[in-house]
Amino acid sequence: MGVTMKDVAALAGVGVGTVSRMINDVAVKASTRKKVEAAIKELNFEPDASARALKTKRSQTIALILPTIWHPFFSEFAYHVEESLSKHGYKLYLCNADGDPQKEYDYIQMVKQSKVDGIIGITYSDIDKFVSTNLPFVSIDRHFSEAVTYVTADNFGGGKLAAEELDKRGCQKLVYIGGINQYPNETTLRADGFEAYCKEHHIAFDSLKIPEPIADFATPIKAFFNQVKAFDGIFCVNDTMAIEVMAALKTLDKAVLRDYQLIGFDGTKMESSRDYMVSTIVQPKQEMAAAAVDLILKKVAGEQTENRVILPVTFVSAGTTKDV
């Protein structure tokens with residue numbers, strides 16, 4: 001038979017109720033806590049997580065909803081969320097939504113059934129009617145009709161920064177390329193910031209905004225550049241789009257650096273030790289994950305939180321822009 005709370009209590013010289021309260025995060029005297037922690041360590045006692053969840057109504061698990069695990073930004077963000085949660089003794093439950101709002105709705109129901117304590121969500125689906133201020137939910141890069149807490153990078157500032165960096169490098173005709181989602185989200189501010197800088201500095205620009213979901217990148221990109229002949233600087237809504245643009249332009253005999261400079265958004269790497277895939281506006285993914293975890297755990301605990309957290313972005317040159 002394994003070690004029980006009764007064994008821990010006997011070794012620590014306290015009652016079983018005291019051990020139970022401490023394990024379930026109820027305050028006990030510091031001197032008592034030290035004795036119980038020492039007994040737990042000596043006996044290698046592991047509390048029954050399921051029994052604890054029944055008593056505390058907490059599962060010590062947070063769900064993370066991602067649109068897809070195949071996008072490098074989402075997978076790296078998930079890594080940082082899991083790392084941050086583990087520091088707080090929480091586990092991660094991953095939902096790969098893959099464009100299915102029913103999956104996201106099912107995870108929201110898991111919160112109501114106490115199977116998970118809360119949700120961090122990167123979602124572009126029609127779940128607005130299911131999300132409320134009463135639900136322990138933290139959104140990434142998307143706001144809802146209710147005042148749901150969200151964490152985002154400075155998308156508008158990032159768009160301005162991209163235009164500024166292309167301007168600095170001598171580009172005179174700029175282009176923005178990105179997708180348009182039917183549900184409001186902060187990523188649309190990247191185009192707004194880019195266009196605002198161009199207008200403010202009287203720089204000629206064009207924009208291509210493709211309705212999502214995008215099944216075929218190449219066709220609209222090629223059609224656009226067959227019309228827009230004179231361009232020498234491109235900003236894309238994300239790094240994945242930037243790579244698609246380079247591939248499409250290659251078929252039109254246009255080469256990066258020789259014919260144009262290119263900046264993406266996100267800060268995508270294939271591996272942590274490698275360089276970024278394109279020159280890019282880097283989102284602070286680790287800081288965003290830590291902020292989201294801090295907010296969701298405060299919500300789970302019933303604490304008041306900020307409604308919005310905006311974190312700064314940076315530009316990194318990585319081979320698709322010229323040296324200044």
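**Reading a predicted fold**

Trainee: What is the phi of Asp266, which is not a glycine?

Mentor: The general idea is that most residues other than glycine have a negative phi. Asp266, although not a glycine, has a positive phi of about 135°. Asp266 is also buried, because its relative accessible area is 4%, and the cut-off for buried is under 20%.

Trainee: Where is the place of Leu257, and is Leu257 buried or partly exposed?

Mentor: Leu257 has a positive phi of about 75° without being a glycine, and its place is in the loop between helix 10 (239-251) and strand 9 (261-266). With 33% relative accessibility, Leu257 counts as partly exposed.

Trainee: Turning to the sheet, in what order do the six strands stand, and what is their pairing?

Mentor: In general, strands of a sheet pair through backbone hydrogen bonds, either parallel or antiparallel. Here the six strands form an open sheet with the order 2-1-3-4-5-11, and the pairing is parallel. Strand 2 (91-96) and strand 11 (308-311) are the edge strands, each pairing on one side only. On average, and with direction ignored, neighbouring strands of this sheet are turned by 20° against each other.

Trainee: How many bridges join strand 1 to strand 3, and which residue is the bridge partner of Leu64?

Mentor: Strand 1 and strand 3 run parallel and are joined by four bridges, with Ile120 in strand 3 as the bridge partner of Leu64. On the next step across the sheet, strand 3 pairs with strand 4 in the parallel sense over three bridges, and here Ile120 has Val138 of strand 4 as its bridge partner. Strand 4 (residues 137-140) is in turn joined to strand 5 (residues 150-153) by two bridges, with Ile140 opposite Val151. Four bridges then join strand 5 to strand 11, again running parallel, and Thr152 stands opposite Ile310.

Trainee: Which faces of strand 3 are covered, and which residues of strand 11 make up its uncovered face?

Mentor: Strand 3 is covered on both faces, with Gly118 and Ile120 on one side, Ile119 and Gly121 on the other, and all of them buried. Strand 11, by contrast, has a covered face made of Val309 and Leu311 and an uncovered one made of Arg308 and Ile310.

Trainee: Which strands does helix 5 lie across, and which does helix 11 lie across?

Mentor: Helix 5 (residues 72-87) lies across strand 1 (61-66), strand 2, strand 3 (118-121) and strand 4, and runs at about 170° to strand 1. Helix 11 (residues 285-300) lies across strand 1, strand 3, strand 4, strand 5 and strand 11, and runs at about 160° to strand 4.

Trainee: How many residues has the largest nonpolar core, and which have the most contacts inside it?

Mentor: The largest nonpolar core has 66 residues, and those with the most contacts inside it are Ile120, Val151, Phe225 and Ile234. Helix 11 supplies the largest share of this core, nine residues. Beyond its neighbours within four places in sequence, Ile234 is in contact with a set of residues including Leu166, Val175, Phe225, Val245 and Tyr260.

Trainee: At what angle do helix 2 and helix 3 pack?

Mentor: Two packed helices are described by the angle between their axes and the distance between the axes. For helix 2 (residues 16-23) and helix 3 (residues 30-43), the angle is about 90° and the axes are 11 Å apart, and the two helices are therefore roughly perpendicular to each other. Thr18, Val19 and Met22 of helix 2 make the contact with Thr32, Arg33, Val36, Glu37 and Ile40 of helix 3, and these residues divide into four nonpolar, two polar and two charged. Thr18 counts as buried at 16% relative accessibility, and Thr18 touches Val28 and Thr32, not counting residues up to four places away in sequence.

Methods
Residues numbered from 1 in each chain as written. Predicted model: local features only at pLDDT ≥ 70, side-chain atom pairs only at ≥ 80, totals over all residues. Heavy atoms only, no water. Pairing = 2+ DSSP bridges. Axes fitted to C-alpha atoms, helices over the stretch in contact; angles between N-to-C directions. Contact = heavy atoms within 4.5 Å. Core = buried A, V, L, I, M, F, W, Y, C linked by side-chain atoms within 4.5 Å. Buried < 20%, exposed > 50% of the residue type's maximum accessible area, 1.4 Å probe, protein only. Parallel < 35°, antiparallel > 145°, perpendicular 65-115°, else oblique. Nonpolar A, V, L, I, M, F, W, Y, C, P; charged D, E, K, R; others polar.
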